[in-house]
Amino acid sequence: TAPATLPVNTPIQADIMANFDDILQRARLAFASGKTRNVSFRRKQLENLLRCYEEHENEIISALEADLRRPKQESMIVETEFMKNDIKHILYNLDEWVKPEKPDKSIVNLLDDVHIYKDPYGVVLVIGAWNYPLQLLLVPVAAAIAAGNCVILKPSEIAGNCAKFIAETLPKYLDNDCYPVVCAGPSETAQLLEQRFDYIFYTGSTRVGKIVHAAAAKYLTPTTLELGGKSPCYIDKSVELRTAVKRILWGKLINCGQTCIAPDYILCSKEIEQKFIVEVKEVLKEWYGDNIQSSPDLSRIINQTNFQRLLGLMKAGRIAVGGKYDASERFIEPTILVDVKANDPVMEEEIFGPILPIYTVENAYDAIKFINARENPLVMYIFTSENEVLDLFVNGTQSGGMCVNDTIMHYAVDTLPFGGVGMSGMGSYHGKYGFDTFTHKKSCLGKNLALLGEKMASARYPPYSDRKASL
Ligand code: NAD
């Protein structure tokens, strides 16, 4: 059994905050020096980041265990292997991505050069969240490095052991002027946001996303907001339920439900609800044994605040599965709630824990009506074998993304953009989409001064006439 360690939050490094002007100034000078424009330099930094992961894999896994009691296998899938693959994908494609594009041109520009250059924005700020404390910070950071930016890294203070690892270890691998780490809590981050950045990439709650967006407006700073929300999961009668239950439970219970793309609640008929519950009980037993608390394979809730919040959410409806908890370990058993009402807090706020309410509906039309009466989710999960049902959701709902007959796995497809829409966020990243996020596409028309071209152009000069206008 893995030890149930409590996170030790990193104290805010006051000297770093006091020196923040200096840190920012050094990053600005580094960017102005042009060194991050050099693709070999970017490549070297990314290789160093990869090496950091290879040399410190065990430390990373231990930090995640200390903060979240995250099982090693989960940490490998969603943090270390994910990150290493992401960097390798960038390194493999970088030369292609940085090339200026030559878009199609019309006959009018036949003699001209038409180019799109890939400009970095400059100094960008990346703010991470605590639930996947390394990956959610470093995947965008790698994309920003690839695109030639300097980056200020702000890990979440709430996953204290991971923040400490990032602050102490990363500077040994990355250029310190170009990629400084700043440890800051909410009030210090609010101070940071008063500064001028060239791009802000924020991952976290919708509430704080609004604060970040408002701060960015002061300098019209472009912003990507990777936010949260309630991702619904509709199940219809055409699916093989055992497989569906396994895939839904895995997506719900990885990191103990503290995943922005966890299926938040189930929408299904009463008939499916009953069968679903039977299957859930069997799968949980198969995965975690009779005493779930003693299983090493379920993470813990990050802190007491979230633990208490989740206990409050469990008061809605009726507990059909689970319901046990232990504050001393911040353990909450995987819990299925039934008979919940649409206006119960568990159906109104993002759950972010191992609680899965089932809200019964008659059919797909009812489910869509329910979904569309709420904010746009980050993901829409649909379990069906019927294309007609799938089409109803594809064409009848809005969400950041969709995943059909599985959960979470769309996140790992690096050719798919990942991001929200409406209250679940704006902008996207992963793979080439991450590179594009941190790249200003600078268009350039290049003319020559030869006589033929000038003759063709002269129709635009005054004195204007009907004849010239008709050319
Ligand atoms: P959070 O908003 O509390 O914190 C995120 C970051 O914002 C931290 O670095 C924190 O220091 C900073 N912050 C907190 N309060 C601030 C303030 N007042 N001013 C400025 N900065 C502040 O979010 P969280 O609790 O760390 O993460 C949970 C939320 O994030 C959930 O809603 C989840 O769905 C969402 N999330 C989204 C994604 C995604 O990719 N879309 C990924 C993970 C988490």
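I started at asparagine 255, which is buried, with a relative accessible area of 0%. My cut-offs here: buried is under 20% relative accessible area, exposed is over 50%, and partly exposed is in between, with a 1.4 Å probe and protein chains only.

Before going on, a note on what I am looking at. This is a predicted model, where local features need pLDDT of at least 70 and side-chain atom pairs count only at pLDDT 80 or more, while totals for chains, interfaces and linings use all residues. Residues are numbered from 1 along each chain as its sequence is written, and side-chain values use heavy atoms, with hydrogens and water left out.

**Confidence**

I looked up pLDDT, the predictor's confidence in each residue, from 0 to 100. The protein's average is 94, and 96% of the residues score at least 70. For the complex, the predictor gives an ipTM of 0.96 and a pTM of 0.95. Residues 1-9 are another matter: pLDDT stays under 50 there. I still found 25 contacts beyond four places in sequence for that stretch, a contact being heavy atoms within 4.5 Å. Where pLDDT is low, the predicted coordinates should not be read in detail.

Helices (H or I, at least four residues) and strands (E, at least two) are DSSP runs, numbered from the N terminus. Phi of asparagine 255 is near 60°, a positive value in a residue other than glycine. Cysteine 256 also has a positive phi, about 55°, and is not a glycine. I place cysteine 256 in the loop between α10 and β7, and find it buried at 0% relative accessible area. Most residues other than glycine have a negative phi, and most peptide bonds are trans.

Proline 463 lies in the loop between α17 (451-457) and α18 (466-469).

**α10 against α11**

Next I took helix α10 (residues 241-253) and helix α11 (residues 270-288), whose axes come within 9 Å and cross at roughly 65°. The axes are lines fitted to C-alpha atoms, for helices over the stretch in contact, and angles run from 0 to 180 degrees between N-to-C directions. On the α10 side I noted contact residues including Leu241, Val245, Leu249 and Trp250; on the α11 side, among them are Ile272, Phe276, Val280 and Trp287. By class I get 13 nonpolar, no polar and six charged residues. Nonpolar here covers Ala, Val, Leu, Ile, Met, Phe, Trp, Tyr, Cys and Pro, charged is Asp, Glu, Lys and Arg, and the others, Gly among them, are polar.

Is threonine 335 buried or exposed? I find it buried, with a relative accessible area of 1%. Threonine 335 sits in strand β11 (residues 335-338). Beyond four places in sequence, its contacts include Met314, Ile319, Gly323 and Pro354. A polar atom of the threonine 335 side chain lies 2.9 Å from the backbone nitrogen of glycine 323.

Isoleucine 319 is in strand β8 (residues 318-321) and is partly exposed, at 37% relative accessible area. Not counting residues up to four places away, isoleucine 319 touches Met314, Thr335, Ile336 and Leu337. I get 6.0 Å between the C-alpha atoms of isoleucine 319 and isoleucine 336, which are 17 residues apart along the chain.

Notes: Polar contact = N/O pair within 3.5 Å; in protein donor to acceptor, adjacent residues only side chain to side chain.
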